[in-house]
Amino acid sequence: MSHVGTLRAFRGMTRAGTRSVLIYRGDLITGAATLVIQVALAIAVWRIVYGGRGPVDGVDVKTAVAYAAIAACLQSVLLPWQFSSLPMRIRNGQIATDLTRPLGLIWQILGQNLGVLLGRLPLGAIGLAVAAVLGALTLPPGWGAGLLALVATVGGALVAMLCNLIVSMVTFWTFEVGGPLIVYRFGSAFLSGSLIPLWFMPGWLRASVEWLPFQAQVYTPVSIYLGQTRGGEALALVGVQLVWVVVLAFLLELVWRRARHKVVVQGG
């Protein structure tokens, strides 16, 4: 397949992923309502935790509340409940058809996952709008921080998509992946800094988390946006994101090579 054909096929999978989100309006409404409640609760909890006190570890209540609201919205976009169609494709035997398509399976799934992410952007926007109404949002300290935060958000999305797909590959070895996926979901939410910012974690725990790819998904872009990470340190975190994208892409290729020998077609 030519490069133009590959790009066209990838865009087709992306559109299919977006449609798969937008077509189920009931799920969208439920997801939006859940996120609104989550954002409102996060804002209330952090305001209660501070209780009128001054900055904690150099972080004031305004920054902590804004972090909680933005992180909740970003996490809802990057880690949907069904973050990959691969397990379903393997269980119903559709994987056999997917493997015969000109566009490689990995690119098919990545394209569809990208479409799902784009389709969930309105949910994140709704959550941010609620946070703004509740007075929880702040502007970045400057246009440079805002631009770098945008770049870091894209990097975080790439890391999240690769992590999600690698975990989904477990389906090639076991059809029952509900347990591992739930563990991954909640572990990712914690380790990415979505639930608790890394700056509030004990030193030993933060040092451990910094060796994992999860902080690149949420903590890095939000901390840069809020100005808690600046200058050379911010650029270094974006560089770490790039390194993780390369490492995870290489790991995905290794897992996929092993998985191809485990394909079991079920169904009609």
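Reader: What is the relative accessible area of W199?

Author: This is a predicted model: local features need pLDDT of at least 70, side-chain atom pairs count only at pLDDT 80 or more, and totals for chains, interfaces and linings use all residues. Residues are numbered from 1 along each chain as its sequence is written, and side-chain values use heavy atoms, leaving out hydrogens and water. Buried means under 20% relative accessible area, exposed over 50%, partly exposed in between (1.4 Å probe, protein chains only). W199 counts as buried because its value is 10%.

Reader: How many aromatic pairs does the whole structure have?

Author: Rings of Phe, Tyr and Trp (its six-membered ring) pair if their centres lie within 6.5 Å; planes under 30 degrees apart are stacked, over 60 edge-to-face, the rest tilted. Searching the whole structure on that basis gives 8.

Reader: And which residue makes an edge-to-face pair with W199 at 5.0 Å centre to centre?

Author: The planes of that pair are 65° apart. The partner is Y67.

Reader: How do α3 and α7 run, roughly parallel or roughly antiparallel?

Author: Their axes (lines fitted to C-alpha atoms over the stretch in contact, with angles from 0 to 180 degrees between N-to-C directions) are 8 Å apart, at about 165°. Under 35 degrees is roughly parallel, over 145 roughly antiparallel, 65 to 115 roughly perpendicular and the rest oblique. So α3 and α7 are roughly antiparallel.

Conventions
Helices (H or I, at least four residues) and strands (E, at least two) are DSSP runs, numbered from the N terminus.
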